[in-house]
Amino acid sequence: MFVHPPDFGHGAMAGAFGRDARRALQRTPMGPLMNLFGRYMYRQTLSAVAMVVISLTAIVWVALALKQLSIVTNDHQSAAVFLMMTLLVLPDIMTMIAPLALLIGGLHVLNRLNGDSELIVMTAAGTSIWRFARPLLSIGVIVSLLMGIASFLIVPWSLRKLTDLANQVRADIIAQVLQPGQFSSPEYGVTFHIRDRAANGDLLGLMLSDTRDETQHLVYLAERSQIRKEGSSDYLVMQNGHIVRTEPKERRDGARIIGYDSYVIDLAVLAPKGAVEPPKPHARYFGELLNPDPNDFFYQQNPFSYQVELHDRLATMLYPFTFVMVAVAFMGQARTNRQGRNQALILAFCVAIGMRLLGMAATNLAARDLSALVYLYAIPIAGLVIASWIAHRGMRPVPANPWVKVVQRVQHALQARLMGIILMPFRRRAT
């Protein structure tokens, strides 16, 4: 089935160009030519996607590194710890960047093919638009599989390692930064003071003030304390001391004092609110999301969050295919500069970003109402179907307008009559 080439403003020239392209392609075996074109487009798109992923990831990493630079300057941590903490966040960032990179890469390659007349020649030769979509969809399969592996295996591992490293950093801050006779505040509302440090590293005369909770203020006093590590957790073990509890807003009847021989505090509770510790469902593996532990504290607090997280990861794997078809629908047809290629680029990008934002909104809605889980899949699937329909509709042959044929016949008749009148005196002289 022949697809008419676009109107380039000069009908005869465009028609001749299309006829020459068709004749040249008809003399060439179409199977090897199509395979060669598919491999060429596959390589171009894959390199563009890789370049976009690397560029965007580098930009986000630099912004994150600048934000976390206080780990080295204020917390006296090494550059290796700083580098490790920033790199462990990258897998999670790359899963969000990958579909967008595929969209940008696909739009770039299709626009360049059109600018270099490659798309025009292939379209004029009768090539189906699905020939252009096939290499992009194959890359979409690769991107989707990599996103699934990352979101279900790599990202949970990296976030858990990040949590362990953050706990270690907090333990190092308390163990190394605390100086005898000085007040130290590793986090807003938490203040440490020690009288002295023993030869074995024990903290002597410890005072810990925790005023982060507005309803109660806690002051821990201990004659001797140690920081101990059990597995991936760090604990502050206090001996022979008191806990002073005051309620500044609710009660005015003084403080409550509780004595103890030994008291243990998990240093993870001293983490800054909203700090590097990831949301618990986001750091779970596939099996943990599918069959969560009923005794898990976070599952008991919000059991819906585990189901929403599982379906959100699965639905996100559909967006590479949707973005590919959006790119093909807007840029898969041969266009001229006068047909607004730049406008089509911007519109395709805005449509894809709009669908992704709707997907994020559906995730937040599903966290409150599980019946909204269907929207997580409906948005990318609907976008994929609509974009495929638009792309398929745009590749159908455009029937010739009968009024155009009438005008052309009249134009040819007038031209022939005019040429006859002009040449008539010369014919008389010749006779």
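This is a predicted model: local features need pLDDT of at least 70, side-chain atom pairs count only at pLDDT 80 or more; totals for chains, interfaces and linings use all residues.
Colleague: How many salt bridges does the structure hold?

Modeller: The count is four. Let us take some of them in turn.

Colleague: Which residue forms a salt bridge with E288?

Modeller: Look for the nitrogen and the oxygen that face each other. The partner of E288 is R160, and their closest N and O atoms are 2.5 Å apart. The cut-off is 4 Å, so this pair counts.

Colleague: What does the E288 and R160 pair tie together?

Modeller: Place each residue in its helix. E288 sits in helix 8 (residues 286–290), while R160 belongs to helix 7 (residues 129–177). The pair therefore ties together parts that are 128 residues apart in sequence.

Colleague: Where in the structure do R313 and E309 lie?

Modeller: Both are in helix 10 (residues 304–316). They are four residues apart there, so about one helical turn separates them.

Colleague: Are R313 and E309 buried or exposed?

Modeller: Both are buried.

Colleague: Which residue does R212 meet in a salt bridge?

Modeller: R212 meets D210, side chain to side chain, with 3.1 Å from N to O. D210 has a relative accessible area of 16%. The limit for buried is under 20%, so D210 counts as buried.

Methods: Residues are numbered from 1 along each chain as its sequence is written. Side-chain values use heavy atoms; hydrogens and water are left out. Helices (H or I, at least four residues) and strands (E, at least two) are DSSP runs, numbered from the N terminus. Buried means under 20% relative accessible area, exposed over 50%, partly exposed in between (1.4 Å probe, protein chains only).
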